[in-house]
Amino acid sequence: MPREAEPSNNERAFILEALRENIRLDGRALDAFRDIKLAFGDEDGVADVQLGKTRVLARVSASVTAPFPDRKFDGIFTVTTELSPMASPAFEVGRQTETETLLSRLLEVALRRSSALSTESLCLLAGQKVWSLTATCHILSHDGNLLDACNIAVLAALQHYRIPDVTVRGEEVIVHSIAERNPVPLALLHRPLCVTMALFEGGEKVVVDATVREQQCSEGEVVVTANKYGEVVQIAKLGGVAADALVLLQCIDVAVERVKELDQLISRALEKDARERDVGGLMAELRAENER
């Protein structure tokens, strides 16, 4: 089974010695993210995130389907990940790795089980027809911290996506095209964001947004998911050394501050994209014609 190339003994010793002196190879502070670039595609619901050399493309799509028998009033929301050898030699086509399984589970807890999206708003006809919403993450380049990059990409894509408007007449559901009615935004109840931290020195030193080399030298990881209001959605301890309760509290404090910054970054990117698109829709064009 292919594996990511391990750092040499000299490289590992150099990274660990630098971290003991609170120095990172790229010059960042221990609690700082790499440069984040967020761009949107021409279509609604496509977000491209670059976190340093890690790159993720998220795409949101929707279709009308039947609801689950025990969830007649709820739509369906799923998050999937696709890891290809293009991103890293450790990934294989058609074989689910431990990294992909863990990534999918953490994203599911952060976005779906936290009720970030109102699934009741996706219901069209109770017990018969609902929207099935799928967010797919394509990993284009892997240089550490895939979870945070995927989380940012999916959340940005959900806020960018516009779902077709519908009309319900009796048991008939009419899905309107963009020429008939402007699509509507999704009903997001809150915006949970993940912050992954690597542990060093027996779990006493915390490093935010570790690169793949730092992750390989780390002694464990902690993932904190929260929203901009400081509400913690999940805390995940991903193996490795034991973490003291005070260290976990420190991780939460750091994560909440970083989440506020990430939330502002996504908001600014959405506002910039809206200005560039000058979203007005067909009705705005018709009003402009009438005014002329």
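A salt bridge is a side-chain nitrogen of Lys or Arg within 4 Å of a carboxyl oxygen of Asp or Glu. The model discussed here is predicted, so local features need pLDDT of at least 70 and side-chain atom pairs count only at pLDDT 80 or more, whereas totals for chains, interfaces and linings use all residues. Residues are numbered from 1 along each chain as its sequence is written, and side-chain values use heavy atoms, with hydrogens and water left out.

Q: How many salt bridges does a search of the whole structure find?
A: The search finds 22 salt bridges.

Q: What makes aspartate 44 and arginine 277 a salt bridge?
A: The closest N and O atoms of aspartate 44 and arginine 277 are 3.5 Å apart, which is within the 4 Å limit, so the pair qualifies. Aspartate 44 sits in the loop between E1 and E2 and arginine 277 in helix H5 (residues 245-277), so the bridge ties together parts that are 233 residues apart in sequence. Helices here are DSSP runs of H or I with at least four residues, strands are runs of E with at least two, and both are numbered from the N terminus.

Q: Why are aspartate 44 and arginine 277 called partly exposed?
A: Buried means under 20% relative accessible area, exposed means over 50%, and partly exposed is in between (1.4 Å probe, protein chains only). Aspartate 44 has 28% and arginine 277 has 30%, so both values fall in the partly exposed range.

Q: Why is glutamate 43 called exposed?
A: Its relative accessibility is 51%, which is over the 50% limit, so glutamate 43 counts as exposed. Glutamate 43 lies in the loop between strand E1 (36-40) and strand E2 (46-51). Leaving aside neighbours within four places in sequence, glutamate 43 is in contact (heavy atoms within 4.5 Å) with Arg59, His160 and Arg277.

Q: What makes the pairing of glutamate 43 with arginine 59 a polar contact?
A: A polar contact is a pair of N or O atoms within 3.5 Å; within protein, one must be able to donate a hydrogen and the other to accept it, and residues adjacent in sequence count only if both atoms are side-chain atoms. The side chains of glutamate 43 and arginine 59 come to 3.2 Å, which is within the limit, so the term applies.

Q: What makes arginine 258 and glutamate 261 a salt bridge, and where do the two residues lie?
A: Their closest N and O atoms are 2.9 Å apart, so this pair also meets the 4 Å rule. Both residues lie in helix H5, 3 residues apart, about one turn of the helix. Arginine 258 is buried at 13%, while glutamate 261 is partly exposed at 42%. Elsewhere, salt bridges that share partners join Arg24, Asp26, Arg28, Arg34, Asp143, Asp209 and Glu214 into one network.

Q: Why is glutamine 216 called buried?
A: Its relative accessibility is 17%, under the 20% limit, so glutamine 216 counts as buried. Glutamine 216 is found in helix H4 (residues 212-217), and its side chain makes a polar contact of 2.8 Å with the side chain of arginine 213.

Q: What makes the protein as compact as a globular protein of its length?
A: The secondary structure comes to 6 helices and 14 strands. The radius of gyration, taken over C-alpha atoms, is 21 Å, close to the 19 Å that the globule rule (2.2 Å times the number of residues to the power 0.38) gives for 292 residues, so the protein is as compact as a globular protein of that length. Of the 292 residues, 45% count as buried.
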